[in-house]
Amino acid sequence: MMVKAVPATEASPQGAQLTCAAPDLLAEITRWLSHLRAERRLSPKTLEAYARDLRQCLTFLSEHWGGLVTLKQFAGIEATDVRAFMSSRRADDIGGRSLMRALAGLRSFGRFLEREGKGKVGALSAIRAPKIGKSLPKPIQMTSARQMTNADIRAGENREPWIWARDAAVMALLYGSGLRISEALGLKRRDVPLPGKGDVIVVTGKGNKTRMVPVLQNVLALVQDYVAMCPHMIAQDGAIFVGARGGPLSPRIIQLTMERLRGALGLPDSATPHALRHSFATHLLTRGGDLRAIQELLGHSSLSTTQIYTGVDADRLLDVYKTAHPRA
């Protein structure tokens, strides 16, 4: 497989900082990042994280071995070297999830080198991934989740009414359709039908995968109210949610909005924009929703992810089995 090389700074902002890698290794890293972006279509944040993790590993190895890390040296890395790197990261108080992601990134680079005929990095596969506890998401109560779509709650803030309406519409999409915040803010105006003119939206999720998601008419009404009030021109092929100056709306603005709403509604810190997505899934399941259908709505590739996401336990799954199976 041939991958066209691009400058490291184009593949990732971290690429230019790989000063501890020899030119031959740096060239392969550049090609790997280009492959992840063009072929695997990983998100910019994942690319940045992988590049950062690899840079940290190479920085450690450079000090560990003394000198620039060459392609031959990296291909011959031993399990003891990998364990030493992981131990150094733990000493920096890095959590299990970050270590697991770092190991996943290193393994991805190792597999890339093997496919390209640049050597086998078997030591990376020999290392066990760090154990991490499964922390279940904390959904927001139904009453509070509904209140977050009410712009009147924020009436005391020194904000223009159209901004209240915009934030209420975003919150309504997160809870009403179970969208990720990036999916909601990535919607174009043409993607959202007018009230009474449709009942589904097509969203682009992780890995550039698209899926159809039902949308409630009252949610579409909130979106239309915002569009009607917005002082900025919103083109059909432009982002439907815009910032105060008319540019794309930053996720940070919605996070700050959520912080204010937490104070107004007396909610804990766990009430985040993403918690509305958790709430969407959990509340559907509580009302008798099918786990497989919820998986499709959320865009999860694995049912086990949905099970954890919704806090489903073994007893709940057993109840579903006994109710639905013809021989139960």
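Glutamate 28 is buried, with a relative accessible area of 7%; here buried means under 20% relative accessible area, exposed means over 50%, and partly exposed is in between (1.4 Å probe, protein chains only). This is a predicted model, in which local features need pLDDT of at least 70 and side-chain atom pairs count only at pLDDT 80 or more, while totals for chains, interfaces and linings use all residues. Residues are numbered from 1 along each chain as its sequence is written, and side-chain values use heavy atoms, with hydrogens and water left out.

**Salt bridges**

The side chain of glutamate 28 meets that of lysine 118 in a salt bridge (3.8 Å, N to O). Because glutamate 28 lies in helix α2 (residues 23–38) and lysine 118 in the loop between α6 (96–115) and α7 (122–126), the pair ties together parts that are 90 residues apart in sequence. Helices (H or I, at least four residues) and strands (E, at least two) are DSSP runs, numbered from the N terminus. Lysine 118 is partly exposed, at 35% relative accessible area.

A search of the whole structure finds 10 salt bridges, each a side-chain nitrogen of Lys or Arg within 4 Å of a carboxyl oxygen of Asp or Glu. Three of them are set out here.

| Pair | N to O distance |
|---|---|
| Lysine 118 and glutamate 28 | 3.8 Å |
| Glutamate 183 and arginine 211 | 2.9 Å |
| Arginine 252 and glutamate 259 | 3.7 Å |

Salt bridges that share partners join Glu28, Arg31, Glu116 and Lys118 into one network.

Glutamate 183 is buried, with a relative accessible area of 2%, and arginine 211 is buried at 12%.

**Helix α14**

Now let's turn to another helix. The buried residues of α14 (residues 291–298) are Leu291, Ile294, Gln295, Leu297 and Leu298. Seen down the helix axis, these buried residues fall within an arc of 165 degrees, so they line one face of α14; the arc is that of the directions from the helix axis to the C-beta atoms. Just after α14, glycine 299 takes a positive phi of about 80 degrees.

**A nonpolar patch**

On the surface, Val200, Val202 and Met212 form a nonpolar patch with about 260 Å² of accessible area together. Patches are made of residues with over 30% relative accessible area and no salt bridge, with like charges joined within 9 Å and nonpolar side chains (Val, Leu, Ile, Met, Phe, Trp, Tyr) within 5 Å. Accessible areas come from the Shrake-Rupley method with a 1.4 Å probe; for residues, only the protein chains shown count as cover. Valine 202 lies in strand β1 (residues 200–204) and counts as partly exposed at 42% relative accessibility.
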